[in-house]
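Here are some friendly notes to read beside the model. Take them in order, and keep the structure open as you go.

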Amino acid sequence: MRLRFAALVAAAGLALTACGGGSSAADDPNAPIRVGVNPTPHGEILEYVKDNLAEQAGIDIEIVKFDDYNRPNEAVAHGELEANYFQHVPYLEEYRKQRGGDFEWVAPVHLEPLAVYSKQFKSLQEIPNGATVTLSNDPANQFRGLKLLEQGGLIKLKPEAAVGTRLASAIAENPKNIDFKDLSPDQLPRSVDDAAAAVVNGNYAIKANLQNPVIVESPEGNPYANGLVTTPALAKDPRILKLAELLRSQQVKDFINQKWGGVAVIPAA
């Protein structure tokens, strides 16, 4: 059952302050680990761990599901969660620059290769002059999307372009005068209906059942593996370390490969 965090807080009667701080769950080594996730695939992977591995390992997991990319980090920073599992290192670094917060990267778990989808065209080369292409409005995934479009030959980026360099400032050559529109990641699958193409994050592509991508990001040397994040104060917590071990176990790798066929979701190295 999907619960918004506010509802979970109300049900549990947690007393949290606006300025953040620790919680009784963080202070009790036997308390459940509250972990924020995106429902797909992160929530499904964590549910597998909870149902099949956690009890034997001696940890109790509470799963809190979010549909956006901002609130899981806010909840960890404010002590409302012990950890989250939904993001990659470039996103975490950009979030920290933009919004602050004290976070600790624990371990990578899986990669969702970014992909371009189109209902009108079978290749980037077929996209006509002046067409609209949509991509993420969060800086880390926007730059990642631009790199994928450059890989496919649609544009060329400036050598100095990096995460945080926004659209027009990042693009050196746009020979087809593509009209780029940035949207929140959860809106991108729906944009495939109207735009010539959309660069869609893997979790939202899975949720929307998008098929037959035009181009897919290579997993080789890819820095965008999604992983477990906590705070420095909890980085050595035995529950966090055990959870990281379970998430990277062979059982979880097998589950990922069986469920997603080694394509949409790939175990991290």
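**Notes on the structure**

1. Let us begin with helix 7, where Ala 140, Asn 141, Gln 142, Phe 143, Arg 144, Gly 145, Leu 146, Leu 148 and Leu 149 are buried. Buried here means under 20% relative accessible area, exposed means over 50%, and partly exposed lies in between, with a 1.4 Å probe and protein chains only. Helices (H or I, at least four residues) and strands (E, at least two) are DSSP runs, numbered from the N terminus.

2. Before going further, a word on the source: this is a predicted model, in which local features need pLDDT of at least 70 and side-chain atom pairs count only at pLDDT 80 or more, while totals for chains, interfaces and linings use all residues. Residues are numbered from 1 along each chain as its sequence is written, and side-chain values use heavy atoms, leaving out hydrogens and water.

3. How far apart are the end C-alpha atoms of helix 7? They are 18 Å apart, which agrees with the 18 Å that its 13 residues (139–151) should span at 1.5 Å a residue. The expected span is 1.5 Å times one less than the number of residues in the helix. After helix 7 comes Gly 153, with a positive phi near 85 degrees.

4. Now look inside: the structure holds two cavities of 30 Å³ or more. A cavity is a set of points, on a 1 Å grid over the protein atoms alone, where a 1.4 Å probe fits but cannot get out; its lining residues have an atom within 4 Å of a point. Grid points are joined across faces, edges and corners, and a volume is the space filled by probe spheres set on the points.

5. The largest cavity holds about 110 Å³ of space. Of the 15 residues that line the largest cavity, Tyr 69, Phe 86, His 88, Asn 201 and Asn 226 lie nearest its centre. Strand 3 (83–88), helix 7 and helix 10 (202–207) are the elements that give two or more residues to this lining, and strand 3 has the largest share, three residues. By class, the lining has four nonpolar, nine polar and two charged residues. For these classes, Ala, Val, Leu, Ile, Met, Phe, Trp, Tyr, Cys and Pro count as nonpolar, Asp, Glu, Lys and Arg as charged, and the others, Gly among them, as polar.

6. Which residues line the second largest cavity? They are Asn 38, Pro 39, Thr 40, Asp 67, Asn 203, Tyr 204 and Lys 207. Helix 3 (39–52) and helix 10 are the elements that give two or more residues to the lining of the second largest cavity, with helix 10 giving the most, three residues. The volume of the second largest cavity is about 40 Å³.

7. Salt bridges come next, and the structure holds 13. In a salt bridge, a side-chain nitrogen of Lys or Arg lies within 4 Å of a carboxyl oxygen of Asp or Glu. One of them joins the side chains of Lys 259 and Glu 44, at 3.5 Å from N to O. This pair links distant parts of the chain, 215 residues apart, with Lys 259 in helix 12 (residues 250–260) and Glu 44 in helix 3. Lys 259 counts as partly exposed because its relative accessibility is 43%, and Glu 44 counts as partly exposed at 22%.

8. Are Asp 237 and Arg 239 buried or exposed? Both are buried, and their side chains meet in a salt bridge of 2.7 Å, N to O.

9. Finally, the strands. Strand 1 (residues 33–37) and strand 2 run parallel, joined by five bridges, and Arg 34 stands opposite Glu 62 in strand 2. Two strands pair if DSSP finds at least two bridges between them. Strand 2 (residues 61–65) is mostly covered, with four of its five residues buried.

10. There is also an open sheet of five strands, in the order 9-6-10-5-11, with mixed pairing. Strand 9 and strand 11 (215–216) stand at the edges with a single partner strand each, so one side of each is left without a neighbour in the sheet. Strand 11 pairs with strand 5 (residues 115–117) in the antiparallel sense over two bridges; there, Val 216 in strand 11 is the bridge partner of Ala 115.

Definitions and conventions: On a 1 Å grid over the protein atoms alone, a cavity is a set of points where a 1.4 Å probe fits but cannot get out, and a pocket is an open set with protein on both sides within 12 Å along at least five of seven lines; lining residues have an atom within 4 Å of a point.
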